Amino acid sequence: MASESGDVLVTGGAGYIGSHTVLELIQADFRVVVIDNCSNAYKGNNDTKPECLLRVEKLTNKKITFIGCDITNVNELRDVFKKYTFYCVIHFAALKAVGESCAKPLEYYKTNVTGTLNLLEVMTEYNVKHLIYSSSATVYGTPEKLPLVEDMITGNCTNPYGKTKYMVEEILKDLCSSDKAWSVISLRYFNPVGAHPSGQIGENPNGIPNNLMPYIAQVSVGKREMLYVYGNDYDTPDGTGVRDYIHIMDLALGHVKAMIYQKSRNPTGFKAINLGTGKGYSVLEVIRAFEKASGRKIPYKIVERRPGDISASYADASIAKKELNWQASRNIDDMCIDTWKWQQSNPNGYES
């Protein structure tokens with residue numbers, strides 16, 4: 001049986017959400033082992049650890065155990081589990097861009113579904129049955145009503161990315177039904193944005209950003225000429241898409257709270273929990289908030305809708321408050337201020 005004092009394995013821990021969560025876990029005195037294939041992590045001249053984890057080490061004054069590993073390679077995963085005793089796995093490793101998933105569905109199914117099956121297989125072999133899964137509000141598909149509540153129907157997803165998250169949740173439910181020793185918390189994120197308040201770690205997308213906030217940040221710093229707003233004919237107050245944006249540090253803390261809940265309450269079975277603020281902001285509202293934070297105008301152009309996008313989405317986060325003792329504490333102004341600080345300090349991301 002995996003020891004309760006064992007390590008926490010964080011898959012995809014060099015990604016945007018993963019790196020901020022690793023920082024919070026270390027500050028909460030959890031022992032962390034990070035694996036990542038570094039497909040979305042900048043290494044620079046350092047061939048041992050991604051830059052974001054080197055910065056987390058500086059911020060926490062603690063060393064991080066990092067292993068280059070791809071979850072689509074089951075033997076690489078086994079090698080990690082042979083070496084360490086894990087109590088719990090926090091599973092971030094995944095491809096995550098809605099638009100890209102429509103263009104490259106097979107890559108998304110291979111990484112997000114097959115990769116997760118590999119992980120679950122190896123966890124079963126080594127009797128590690130505590131999992132915190134990085135899910136998404138996209139599992140709800142097009143909302144029949146708002147806010148979104150955990151017991152609503154899932155699966156009517158509008159893009160392959162959302163389908164992969166839904167499929168994995170179904171796999172996890174079946175696994176928990178077949179073996180009562182499993183404890184799975186599926187955290188359904190809304191729209192993570194922002195950066196660590198130090199400005200040292202933040203979102204560092206490869207190429208053209210797929211998400212709104214990093215794109216706005218790159219326009220504001222002069223890296224990109226203009227923001228493209230996809231559609232202004234949605235059924236929303238100003239016609240642009242509305243999303244529940246959540247500060248990355250609030251989201252990272254949600255994982256620590258989930259770990260504490262799992263260790264102290266020892267729940268079994270599958271539990272889905274929304275992590276969001278409960279408030280939606282439109283694209284134009286985010287633009288205005290960023291202009292206020294940066295003191296710069298954001299030029300933008302309205303273009304056609306993107307495939308797979310929905311008009312509005314925001315959370316009911318009351319279960320997270322009740323069960324995990326967690327709620328978001330930062331607002332859209334905080335999100336924009338911290339994003340701007342990160343982007344100004346790192347105009348080219350981790351390559352700055």
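Select helix α11 (332–345), which gives the most to the lining of the largest cavity, with three residues. The model is predicted, so local features are reported only at pLDDT of at least 70 and side-chain atom pairs only at pLDDT 80 or more, while totals for chains, interfaces and linings use all residues. Residues are numbered from 1 along each chain as its sequence is written, and side-chain values use heavy atoms, with hydrogens and water left out. Helices (DSSP H or I, at least four residues) and strands (E, at least two) are DSSP runs numbered from the N terminus.

**The cavity**

Next, display the residues that line the cavity: Y16, G194, A195, E203, M213, P214, T339, W342 and Q343. Besides α11, helix α7 (212–220) also gives two or more residues to this lining. A search of the whole structure finds one cavity of 30 Å³ or more, and the space in the largest cavity is about 50 Å³. Here a cavity is a set of points on a 1 Å grid over the protein atoms alone where a 1.4 Å probe fits but cannot get out, and lining residues have an atom within 4 Å of a point. Points are joined across faces, edges and corners, and the volume is the space filled by probe spheres set on them.

**From Q343 to I319**

From Q343, move to I319, 24 residues away along the chain; their C-alpha atoms are separated by 33 Å. I319 belongs to helix α10 (residues 318–324). With a relative accessible area of 28%, I319 is partly exposed (buried means under 20% relative accessible area, exposed over 50%, partly exposed in between, with a 1.4 Å probe and protein chains only). Leaving aside residues up to four places away in sequence, I319 touches E150, I273 and L324; contact means heavy atoms within 4.5 Å.

**The three-stranded sheet**

Now select strands β12, β9 and β14, which form an open sheet in that order with mixed pairing. β12 (281–282) and β14 (312–313) are the edge strands, each with a single partner, so one side of each has no neighbour in the sheet. Strand β9 (residues 242–243) runs antiparallel to β12 and is joined to β12 by two bridges; strands pair if DSSP finds at least two bridges between them. V242 stands opposite S282 of β12.

In β14, pick S313, which is buried at a relative accessible area of 5%. Its contacts beyond four places in sequence are A137, L146, L148, F190, V242, R243 and D244.

**Helix α3**

Centre the view on α3 (residues 74–83), whose buried residues are V74, L77, R78, V80 and F81. Seen down the axis, these fall within an arc of 160°, so they line one face of the helix; the arc is that of the directions from the helix axis to the C-beta atoms. Exposed K82 and K83 lie on the face turned away from the buried side. The cover over the buried residues includes β1 (7–11), β2 (32–36), β3 (65–68), β4 (86–91) and α5 (105–125).

At the start of α3, a side-chain oxygen of N73 reaches to within 3.1 Å of the backbone nitrogen of N75.

**T164 in α6**

Finally, select T164 in helix α6 (residues 160–178). T164 is buried, at 0% relative accessibility. A polar atom of its side chain lies 2.6 Å from the backbone oxygen of Y161. Beyond four places in sequence, T164 touches Y108, Y109, N112, V113 and Y133.

Technical notes:
A polar contact is a pair of N or O atoms within 3.5 Å; within protein, one must be able to donate a hydrogen and the other to accept it, and residues adjacent in sequence count only if both atoms are side-chain atoms. On a 1 Å grid over the protein atoms alone, a cavity is a set of points where a 1.4 Å probe fits but cannot get out, and a pocket is an open set with protein on both sides within 12 Å along at least five of seven lines; lining residues have an atom within 4 Å of a point.
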